Amino acid sequence: PDLHAVPLEYERESGFFDLAYERVEIPEAGLALEAPISWPQLGLEPAWSPTGNGKQRIAVSWLNLTPTIKPEAILLPSRGLIVASTPIELDWGGGRQYLVKRYGGGGVGRGALAPTLSVEIHTIVVLTDGEARWAYDLHAVAPTSEELVALKPVYDRILRSSYLTTPRPD
């Protein structure tokens, strides 16, 4: 499915159309965003799931980068295939958005395909201040493409609402 053109019926069918949101600050990352009030947070991590089981989830990761590290090598799934990649601009920085299929171990028998474990959208933004670099990854994960498409309106709201609360994370 085209994840950049989500028809309104997906929002309505997903049950995510009339969600109420609250501002959430992530002080360690120097980031704030709006998350659905009714979605449970997954432990202490900045991650939320409509069902609470984490199979469908939207989360935030961040890290300090050394000059030679490419953020995609660390933030994207190791057993993932990048299906699409497009530039993206948020109010607080630019980056790339990746559509990734994450695969499990190899299938049984010759020519067998590895099972798809999840389909994911990752928006990676890298900020630089002199020699220091930080990478942020706002990502959505679901078992299937259809379930990811259902998450997309909430994911887009979280992306649009995100902003830096400090110039950089600690």
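Arginine 23 stands opposite glutamate 34 in strand 2. Strands here are DSSP runs of E with at least two residues, and helices are runs of H or I with at least four, both numbered from the N terminus. The model is predicted: local features need pLDDT of at least 70, side-chain atom pairs count only at pLDDT 80 or more, and totals for chains, interfaces and linings use all residues. Residues are numbered from 1 along each chain as its sequence is written, and side-chain values use heavy atoms, with hydrogens and water left out.

- Strand 1 and strand 2 pair in the antiparallel sense over six bridges. Two strands count as paired if DSSP finds at least two bridges between them.
- Strands of a sheet pair through backbone hydrogen bonds, either parallel or antiparallel.
- The open sheet has three strands in the order 1-2-9, and the pairing is antiparallel.
- Strand 1 and strand 9 (163-164) stand at the edges, each with a single partner strand, so one side of each has no neighbour in the sheet.
- Helix 3 packs on this sheet and touches strand 1, strand 2 and strand 9. Contact means heavy atoms within 4.5 Å.
- The direction of helix 3 makes about 150° with that of strand 2. Axes are lines fitted to C-alpha atoms, for helices over the stretch in contact, and angles run from 0 to 180 degrees between N-to-C directions.

- Six strands form an open sheet in the order 3-4-8-7-6-5, with antiparallel pairing.
- Strand 3 (47-48) and strand 5 stand at its edges, each with a single partner strand, so one side of each is left without a neighbour in the sheet.
- Strand 4 and strand 8 pair in the antiparallel sense over nine bridges.
- Arginine 57 stands opposite valine 141 in strand 8.
- Helix 3 packs on this sheet too, touching strand 4, strand 5, strand 6, strand 7 and strand 8. The direction of helix 3 makes about 135° with that of strand 8.

**The nonpolar cores**

- In soluble globular proteins, nonpolar side chains tend to be buried together.
- A nonpolar core is a set of buried Ala, Val, Leu, Ile, Met, Phe, Trp, Tyr and Cys residues joined through side-chain atoms within 4.5 Å. Buried means under 20% relative accessible area, exposed over 50%, and partly exposed in between (1.4 Å probe, protein chains only).
- The largest nonpolar core has 31 residues, and Leu33, Trp92, Tyr136 and Leu138 touch the most other members.
- Elements that give two or more residues to this core include strand 1 (21-26), strand 2 (31-36) and helix 3 (145-161).
- Helix 3 gives the largest share of this core, six residues.
- Leucine 33 touches Trp48, Val60, Leu138 and Ile158, among others, not counting residues up to four places away in sequence.
- Another core lies apart from the largest one; it has eight residues, among them Leu65, Leu75, Leu76 and Ile124.

**Salt bridges**

- Side chains of opposite charge can pair when their charged atoms come close.
- A search of the whole structure finds four salt bridges. A salt bridge is a side-chain nitrogen of Lys or Arg within 4 Å of a carboxyl oxygen of Asp or Glu.
- One of them joins the side chains of glutamate 25 and arginine 23 (2.6 Å, N to O). Glutamate 25 is partly exposed, with a relative accessible area of 45%.
- Glutamate 120 forms a salt bridge with arginine 102, and the closest N and O atoms are 3.3 Å apart. This pair links distant parts of the chain: glutamate 120 is in strand 7 and arginine 102 in strand 6 (residues 93-103), 18 residues apart.
- Glutamate 120 is buried at 4% relative accessible area, whereas arginine 102 is partly exposed at 29%.
- Lysine 152 forms a salt bridge with aspartate 156, with the closest N and O atoms 2.6 Å apart. The two are four residues apart in helix 3, so about one helical turn separates them.
- Lysine 152 is buried at 4% relative accessible area, but aspartate 156 is partly exposed at 22%.

- Histidine 139 lies in strand 8. At 9% relative accessibility, histidine 139 is buried.
- Residues touched by histidine 139 include Arg57, Ile121 and Tyr155, not counting residues up to four places away in sequence.
- Threonine 144 sits in the loop between strand 8 and helix 3, and threonine 144 is partly exposed at 29% relative accessible area.
- Threonine 144 and lysine 55 are 89 residues apart in sequence, and 9.9 Å apart in space from C-alpha to C-alpha.
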